[in-house]
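Keep the picture handy as you read.

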Amino acid sequence: MRVAHRRTTTVRCLTALTALTVGLLALTGCGGPDDGQAAAAATAAATASVTSEAPAPSPDGTAPSTSPSATAASATEARWAGTKQFVQIDDARTGDGRTYLSVRPAEKKPHPQFEAWVIVPGEGPYTEVSMTEDAQVLLSVPLGDAKHPAAYAQDEFVSRLTARPSSDRALLGYDLSFDGQGRVTRVQSLYTP
């Protein structure tokens, strides 16, 4: 009886995984060249969640706990793993030898009169993501010193961003690239006059 129950459960999990994979393939069939990486990351995450065992209890016998903010951050990291995103950055900080950014999705549109961008602010809460130690930072005016992007150190980026009033930060936009673990590997600010 137990063997039949395990087989039924396994078949259901594999069926759900197959349906998820087919759905992801259908959705990414219309996308751009970077969408394949996102689908592969999502499929890997789905496979891990279907095939993973439940977390082991703590030594005292209680279930392991995760804070809501840690769960939300890891969900965002998994969602953005292996992708490029356009975002607003509300705040930045360094801690534990890492740089952390408070981000939310936004939109960009070409400026109607200048060779620049218009930032359409996003809505909803900001989410904190971490940068890799060797993440590249490219800044243009107004955060950088020139119209064309130039390389800056992560700590200088944090200093320049946090020195600006929050009302100014809402008008800035950034292209972010994420690695397979959902950490930022590249930040590029868009030139805005």
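Starting at the N terminus, the elements follow the order α-α-α-β-β-β-β-β-β-α-α-β-β. That gives five helices and eight strands; here helices (H or I, at least four residues) and strands (E, at least two) are DSSP runs, numbered from the N terminus. What you're looking at is a predicted model, where local features need pLDDT of at least 70, side-chain atom pairs count only at pLDDT 80 or more, and totals for chains, interfaces and linings use all residues. Residues are numbered from 1 along each chain as its sequence is written, and side-chain values use heavy atoms, with hydrogens and water left out.

Now for the chain as a whole. Take the contacts (heavy atoms within 4.5 Å) with a separation of 6 or more: 53% of them join residues 24 or more positions apart.

Time to zoom in on the loops. Between strand E1 (84–95) and strand E2 (98–105) sits aspartate 96. Its phi is near 55 degrees, a positive value in a residue other than glycine. Is aspartate 96 buried or exposed? It's exposed, with a relative accessible area of 77%.

Further along, the loop between strand E5 (127–139) and strand E6 (150–152) holds proline 142. The peptide bond leading from valine 141 to proline 142 is cis, and its omega is near 15 degrees.

How values were computed:
Buried means under 20% relative accessible area, exposed over 50%, partly exposed in between (1.4 Å probe, protein chains only).
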